[in-house]
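Dear colleague,

My notes on what was found in it follow directly after.

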Amino acid sequence: MIKLYDEGVYLVNGTELVPESEAGKVQQLTGAPADKDAAKRGTIAYGILKAHNQADSMDHLRIKFDAMASHDITFVGIIQTARASGMEKFPLPYTLTNCHNSLCEVGGTINDDDHLFGLSAAKKYGGIYVPPHIAVIHQFMRENFAGCGKMILGSDSHTRYGALGTMAIGEGGGELVKQLLEDTYDVAYPGVVAIYLTGKPQPFVGPHDVALAIVGAVFRKGYVKNKVMEFVGPGVSSMDTDYRNGVDVMTTETTCLSSVWRTDDDTKAFLALHHRGDDYKELNPAPVAYYDGCVYVDLSAIKPMIAMPFHPSNTFTIDELYANLNDIVAETEAAAEKISEGRAAFTLRDKITADGKLMVQQGVIAGCAGGNYSNIVEAAHAMKGKSTGFDEFYLSVYPSSQPVYTDLDRKGLLADLMDAGAIIRSAFCGPCFGAGDTPANNAFSIRHTTRNFPNREGSKPGNGQMSAVALMDARSIAATAANGGILTSAEELDGWGNIPEYNYDDRSYQSRVYWGYGKADADKDLRFGPNIKDWPEMEPLADDILLKISSKILDDVTTTDELIPSGETSSFRSNPLGLAEFTLSRRDPEYVARAKAVQALEQERLNGGMDGEVKAVFDVVKTLPGQENLDPAAVEIGSSIYANKPGDGSAREQAASCQRVLGALANITNEYATKRYRSNCMNWGMVPFHLKEDPSVLEVGDYVFVPGIRAALDGDLSDIPAYVIHDGKAADIHLYILDMTKEEREIVKAGCLINFNKNRR
């Protein structure tokens with residue numbers, strides 16, 4: 001079904017794969033010997049990156065994007081940062097959607113206050129404003145901005161429009177601020193991996209099945225981490241563009257940097273349908289293209305899939321699940337116990353029926369992955385004339401935009417779903433991040449959404465409440481709903497593939513969306529609410545720093561949802577200090593108090609005093625070689641965490657900024673899970689350390705003295721001597737930092753991106 005090559009490959013004429021070790025075959029096929037350097041320039045990705053690169057070299061890219069997008073969890077902080085940095089107007093099309101904090105149910109007026117702030121900002125700075133319930137961010141961008149050869153930057157990790165020939169990247173807010181200030185997105189030229197598709201999906205196999213199969217094959221191996229996934233091969237044209245969009249959005253879960261697909265007549269038809277035929281151009285690799293790896297996918301062999309809790313890569317075919325049900329259930333319950341740390345119980349054994357089937361309590365089809373037109377059509381056809389039943393199970397369906405909603409309505413398909421007992425919602429991302437359709441305690445939910453991380457469904461283990469999510473395609477969710485909540489593969493139903501032509505009608509957009517690009521009015525005032533706060537002042541980095549370890553996390557991977565929980569905490573994301581109260585609250589509830597205590601030590605230092613514990617630490621530091629004359633009053637004090645691999649998941653900058661506003665100066669890690677989280681840390685002035693020693697050398701409460709950190713940031717980052725102070729004794733350790741651009745080094749030294757921009761402007 002899926003094969004990963006253990007070497008680079010040449011793709012010849014779009015159809016022939018030649019492993020690098022067999023490069024002589026290239027000459028047999030083309031009449032010319034393989035030229036690896038030239039073939040590297042033959043990828044689709046190379047051409048798009050070159051067209052957007054502002055640097056003289058393709059080794060270190062400086063990218064300017066064609067458009068940007070943010071939603072109502074992120075755009076307030078981005079605009080506030082850009083304002084503080086001197087922005088006067090949006091220099092490129094910038095779309096502000098309101099699809100996350102849409103319900104306006106938590107926290108009083110503060111959610112809609114953010115929405116109206118966004119509208120006022122669109123008027124003042126010249127932006128596009130999409131009101132709540134009109135469209136989810138990525139569907140709106142597919143319909144209105146994505147096009148062949150373009151690049152789009154978004155402050156949401158699932159910013160992926162590769163199926164429309166657009167290289168899109170999800171990053172933290174700091175990277176969007178740089179574009180608003182007409183700076184560039186700086187990154188080393190990424191590896192490019194071919195996703196070679198052959199065959200055709202079975203009628204009962206949907207885009208989530210294809211995506212989950214790929215995620216399951218590549219994630220744990222890090223095969224495409226920080227690389228571009230380029231979808232090529234004859235299998236691309238076996239799927240229509242709506243289907244491809246559903247596969248493409250899930251590439252985020254592989255930890256790749258971006259994605260792009262070859263385009264064809266169906267891409268052209270999709271863009272023409274959306275009144276943007278001029279945005280089409282044919283994109284294909286050159287006759288000989290070289291890729292740094294290859295994922296070979298036989299689409300015809302893919303079966304209906306399920307990603308069990310608690311990660312999209314925890315994948316099985318539904319057939320495999322049932323063949324090994326007791327073992328997989330036991331593994332899931334053990335993982336739940338580890339995640340909850342005894343604070344809440346989650347069980348699946350009690351959901352196994354007498355005939356060996358798994359009973360589900362909730363189904364959701366929603367968002368940028370599940371809410372597409374063809375997914376809901378297939379679900380409606382499967383449910384027509386059937387019933388979800390009147391027991392615990394229920395099904396909620398969220399069309400991804402008003403145009404999708406209205407066409408489904410005009411065709412009677414929503415009525416078919418509602419007649420079967422399904423609940424139809426508006427365009428909203430809530431089920432994907434824990435703020436909509438939160439299931440009951442100990443319930444098991446199946447969802448065609450993008451993620452199933454711990455607590456992503458909205459549960460709170462700290463309060464004794466825990467549920468869990470498995471990811472499935474809309475077709476199998478519909479089959480399950482038609483079977484009264486018994487988990488069922490779409491393969492067990494017939495009638496798939498009868499999808500009527502989609503009729504796109506954007507009258508709802510013309511009636512409600514504010515199209516303000518190029519219409520900035522500096523005289524307009526921003527509308528603030530009581531929860532919208534400016535960023536607090538942050539100090540520049542001192543020459544020497546003293547860190548106190550305030551949390552230690554040894555999980556294989558720490559997600560951004562654990563660093564700063566999603567769900568109802570999203571309502572506070574326009575208030576930096578208010579949101580920071582939730583930092584690590586579901587993973588290490590004592591962290592905030594520890595970080596604040598360290599912050600108080602730093603404030604005491606700034607006021608000319610010094611705590612007895614810190615004085616004792618400096619007494620030890622002064623015994624170290626070359627530190628005899630150290631002035632403790634000049635040493636900046638801050639908190640730090642150790643985590644094995646932090647930052648998988650969301651692009652949200654708050655996963656880093658919340659640590660920073662609580663006084664963090666650094667993270668110490670074995671590895672960063674994603675580039676975007678590491679970038680967030682640097683943009684908020686935190687040093688992105690790695691530890692050479694085993695993490696056993698660090699414990700919560702230990703101090704780490706790092707002399708000469710500013711000098712280190714000006715030089716070689718490969719070895720940075722430091723000292724751990726524990727029980728009155730100092731021990732040598734060695735830190736290092738992976739390569740940083742000149743600008744990233746200056747941002748960290750300045751204390752944050754805001755300070756950096758103030759300094760230079």
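Buried, in what follows, means under 20% relative accessible area, whereas exposed means over 50% and partly exposed means in between, with a 1.4 Å probe and protein chains only. Helices (H or I, at least four residues) and strands (E, at least two) are DSSP runs, numbered from the N terminus. Please keep in mind that this is a predicted model, in which local features need pLDDT of at least 70 and side-chain atom pairs count only at pLDDT 80 or more, while totals for chains, interfaces and linings use all residues. Residues are numbered from 1 along each chain as its sequence is written, and side-chain values use heavy atoms, with hydrogens and water left out.

With those terms in place, helix α14, which spans residues 373-383, is mostly covered, since 10 of its 11 residues are buried. Among them are Y373, I376, V377 and M383, but also S374, N375 and E378. After α14 comes G385, which has a positive phi near 80°.

Taking contact to mean heavy atoms within 4.5 Å, and leaving aside residues up to four places away in sequence, L417 touches I376, A379, A380 and M383, together with V397, A422 and I424. A nonpolar core is here a set of buried Ala, Val, Leu, Ile, Met, Phe, Trp, Tyr and Cys residues joined through side-chain atoms within 4.5 Å. The largest such core holds 169 residues, and the members that touch the most others are L417, F444 and L487.

Turning to the strands, two of them count as paired if DSSP finds at least two bridges between them. Strand β22 (residues 468-471) directs A468 and A470 one way and V469 and L471 the other way, and all of these are buried. β22 pairs with β21 in the parallel sense over four bridges, and S445 has V469 in β22 as its bridge partner.

An open sheet is formed by three strands in the order β3-β2-β14, with antiparallel pairing. The edges are taken by β3 (16-19) and β14 (288-291), each of which has a single partner strand, so one side of each is left without a neighbour in the sheet. From one strand to the next the twist averages 25°. Within this sheet, β2 (residues 9-12) is joined to β14 by four bridges in the antiparallel sense, and Y10 has Y290 of β14 as its bridge partner.

Strand β15 (residues 293-298) is joined by three bridges to β1 (residues 2-4), and the two run antiparallel; here K3 stands opposite Y296. With β11 (residues 192-198), by contrast, β15 pairs in the parallel sense over six bridges, and T198 has D298 as its bridge partner.

Next, a helix pair. Axes are lines fitted to C-alpha atoms, for helices over the stretch in contact, and angles run from 0 to 180 degrees between N-to-C directions. The axes of α27 (residues 742-750) and α28 (residues 753-760) come within 7 Å and cross at roughly 100°. The two helices are therefore roughly perpendicular to each other, a label given to angles of 65 to 115 degrees. In the contact, E743, E746, I747 and A750 of α27 meet L753, N755, F756, N759 and R760 of α28.

P309 and F310 are joined by a cis peptide bond with omega of about 15°, and F310 lies in the loop between β16 (305-307) and β17 (315-317). Although D437 is not a glycine, it has a positive phi of about 55°; D437 is placed in the loop between α17 (430-433) and β21 (444-448) and counts as buried at 11% relative accessibility. D727, also a residue other than glycine, has a positive phi near 50°, but D727 is exposed, with a relative accessible area of 69%, and lies in the loop between β31 (720-726) and β32 (729-736).

Best regards

Terms used:
Angles under 35 degrees count as roughly parallel, over 145 as roughly antiparallel, 65 to 115 as roughly perpendicular and the rest as oblique.
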